[in-house]
Amino acid sequence: MCRSIKTLRPPATPDVTEEDIRAAALQYVRKVSGFRTPAAHNREVFDQAVDAVTAATRDLLANLHVRGSAAPSHPTT
């Protein structure tokens, strides 16, 4: 699933941007929903899902403890 989503945690990707996080969230929601672009009547719920996955991903990356590092990784916002 979502083979085009790249790993965002250090050290695999040292400089993660908000755009990287949002792009991964968008790919996930597209895959799960089956829509590349939702119809107008689904746009709001689609966008809300992308926002929620973006926030969850940001939180995950900020709180992961990567082996060999002193502190949790923190994505650039």
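The model is predicted; local features need pLDDT of at least 70, side-chain atom pairs count only at pLDDT 80 or more, and totals for chains, interfaces and linings use all residues. Residues are numbered from 1 along each chain as its sequence is written, and side-chain values use heavy atoms, with hydrogens and water left out. The protein has two helices and zero strands. Helices (H or I, at least four residues) and strands (E, at least two) are DSSP runs, numbered from the N terminus.

**How the helices meet**

- Helix α1 spans residues 18-33 and helix α2 spans residues 43-63.
- Their axes come within 8 Å and cross at roughly 130°. Axes are lines fitted to C-alpha atoms, for helices over the stretch in contact, and angles run from 0 to 180 degrees between N-to-C directions.
- That angle makes α1 oblique to α2, because angles under 35 degrees count as roughly parallel, over 145 as roughly antiparallel, 65 to 115 as roughly perpendicular and the rest as oblique.
- On the α1 side, the contact (heavy atoms within 4.5 Å) includes E18, I21, R22 and A25. On the α2 side, F46, A49, V50 and T54 are among the residues involved.
- The residues of this contact divide into 10 nonpolar, three polar and five charged. Ala, Val, Leu, Ile, Met, Phe, Trp, Tyr, Cys and Pro count as nonpolar, Asp, Glu, Lys and Arg as charged, and the others, Gly among them, as polar.

**What is buried**

- Of the 77 residues, 23% count as buried. Buried means under 20% relative accessible area, exposed over 50%, partly exposed in between (1.4 Å probe, protein chains only).
- The largest nonpolar core has five residues: L8, V16, I21, A24 and L61. Such a core is a set of buried Ala, Val, Leu, Ile, Met, Phe, Trp, Tyr and Cys residues joined through side-chain atoms within 4.5 Å.

**Residues to find**

- I21 lies in α1. Its relative accessible area is 0%, so I21 is buried.
- T54 sits in α2. T54 is buried too, with a relative accessible area of 2%.
- Leaving out residues up to four places away in sequence, T54 touches E18, I21, R22 and A25.
- With that exclusion, A24 touches I5 and L8.
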